[in-house]
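Okay, thanks everyone. Have a look at this one with me before I start talking.

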Amino acid sequence: MKLTLRVWRQKNAGAEGAMSTYEVDGIAKDMSFLEMLDTLNESLILSGEDPVAFDHDCREGICGACSLVINGEAHGPERTTTCQLHMRSFSDGDTIDIEPWRASAFPVVKDLVVDRSAFDRIIESGGYITAPTGSAPEAHATAVPKPAADFAFEHAECIGCGACVAACPNGSAMLFTSAKVNHLNVLPQGAPERGSRVLDMVGQMDSEGFGGCTLAGECATACPKGIPLFSITRMNREFVRAARKRG
Amino acid sequence: MAGAVLTVEPMAALDTRTDRRPSFVGLLWGSTVGKKTAMAVSGIVMLLYLVVHMLGNLKIFFGAADFDAYAAWLRTIGEPFLHHEWFLWIARVVLVAAVVTHAVAAFQLSRRDIAARPVKYAHKRRRASYATRTMRWGGVILGLFIVWHILDLTTLTVNPHAAAGHPYANVVATFSTWYGDVIYIAAMLALGLHIRHGFWSAAQTLGAGSAARDRVLRTTADALALLLTAGFVSVPVAVMTGLVS
């Protein structure tokens with residue numbers, strides 16, 4: 001396949017960026033999207049140009065490192081991570097636009113790499129449980145009802161990639177935060193911090209400069225892990241409950 | 001260990017929480033989630049009022065005597081416990097509080113949302129439904145409409161007939177002008193769109209939504225939007241067609 005790529009190039013956080021156009025040839029349909037970018041970078045390096053910087057790590061769809069907006073969609077046209085997107089989703093001769101996540105809370109570091117440490121600070125503010133350290137407790141010491149375990153697992157699937165923020169017209173981190181809050185709040189192990197967790201994590205989310213939720217639903221459509229939009233509904237309920245009890 | 005200073009990084013997680021949290025209202029108004037709660041509650045107050053208002057408006061189809069008598073009765077609700085028109089004034093105060101809460105929260109949240117996404121994507125793509133995308137400007141249109149509507153049919157300042165105590169004749173006079181019909185019908189279409197996304201959103205904001213309940217909530221939102229718009233628009237249409245004159 002021969003493709004035309006329009007890629008966001010930005011030297012560093014302070015520099016002005018712009019879309020640059022590149023041609024790539026010899027792309028196989030079973031290449032992953034990142035392998036296609038590797039091919040582009042090889043040719044850029046050989047011609048003495050600066051390769052395109054982009055985040056990636058496991059390339060298995062489980063780490064949440066990759067972060068590209070492809071043709072206006074976070075992680076591209078398939079409901080998966082960019083690393084699990086394959087070139088068979090595109091046709092010979094296509095022009096593909098590749099941009100970084102766009103949100104003031106995710107500043108561009110270089111090219112397609114953004115700083116997502118705002119997510120880490122949200123986790124630090126309440127995404128933990130109080131547990132005694134030492135040897136692992138007996139697995140059945142705390143009974144977890146099956147529906148709660150299923151619900152927690154559905155939300156624990158979040159890999160923190162930030163596609164929800166990238167897709168949201170308000171740059172809101174509600175789906176990420178709600179996945180983390182719900183995952184722990186529904187479990188008996190998370191019960192001691194049930195109130196403070198949601199208040200602190202929402203507080204941190206707000207102070208990072210993410211926008212608010214207008215229920216546009218773009219986040220849940222973009223989420224490669226299928227975190228449901230109702231995750232936000234549930235966190236809203238947890239928030240009001242905690243605000244009433246003031247933590 | 002004399003002289004040895006052990007420096008330990010302060011860890012927020014281990015700090016004793018000595019600071020008191022703000023009040024319930026302070027916690028709500030101070031966060032994006034809570035501000036949406038205020039918008040949801042004030043929106044539902046206005047929505048309930050609109051249902052009653054629309055049903056009352058339909059009395060116009062029973063003629064001038066019935067409609068004017070209904071308008072006069074509104075001023076006597078709660079008597080003798082409440083003084084003449086007191087109920088009306090209480091309702092007005094509640095409604096103004098709801099409108100102001102709703103608008104201020106919307107303004108503050110919108111400014112924040114726009115600031116959170118300063119750079120647009122180069123690859124443009126249509127996002128979200130029409131009703132969702134028109135919430136902000138639709139809200140502004142409705143706010144301006146409310147001002148005109150009160151000047152027209154409550155204070156009668158801009159009403160072409162302006163006869164106090166004769167609401168039927170005033171309504172007919174307004175809807176006998178082309179601009180009265182255009183403003184009113186445009187605003188009611190905006191209202192329908194606003195309720196379509198607003199009612200469902202309010203349910204999510206108040207934590208009432210779920211996958212199992214979603215169809216019921218979406219259908220209710222559509223039904224409310226459709227019935228309110230149709231009910232309100234039926235009055236100018238009736239005047240235009242001569243059914244009410």
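This is a predicted model: local features need pLDDT of at least 70, side-chain atom pairs count only at pLDDT 80 or more; totals for chains, interfaces and linings use all residues.

Residues are numbered from 1 along each chain as its sequence is written, with chains lettered from A and ligands numbered from 1 in the order in which they are written.

Chain A has eight helices and seven strands, taken as DSSP runs, H or I of at least four residues for helices and E of at least two for strands, numbered from the N terminus. Its C-alpha trace spans about 60 × 35 × 35 Å along the principal axes.

The domain assignment, which is automatic or from a database, gives domain 1 (3-109) and domain 2 (117-245) of chain A. Their C-alpha centres are 29 Å apart. Domain 1 puts 18 residues into the contact and domain 2 puts in 15, where contact means C-beta atoms, placed from the backbone, within 7 Å.

Now, helix H1 of chain A, residues 33-46. Which of the H1(A) residues are buried? Phe33(A), Met36(A), Leu37(A) and Leu40(A). Buried means 20 or more other C-beta atoms within 10 Å of the residue's own, exposed 12 or fewer, partly exposed in between, with C-beta atoms placed from the backbone. Down the axis of H1(A), the buried residues fall within an arc of 95°, so they line one face of the helix; the arc is that of directions from the helix axis to the C-beta atoms. They pack against strands E1 (3-9) and E2 (18-24) of chain A. On the other side of H1(A), Glu42(A), Ile45(A) and Leu46(A) are exposed. After H1(A) comes Gly48(A), with a positive phi near 80°.

Notes: Two residues are in contact if their C-beta atoms, placed from the backbone, lie within 7 Å.
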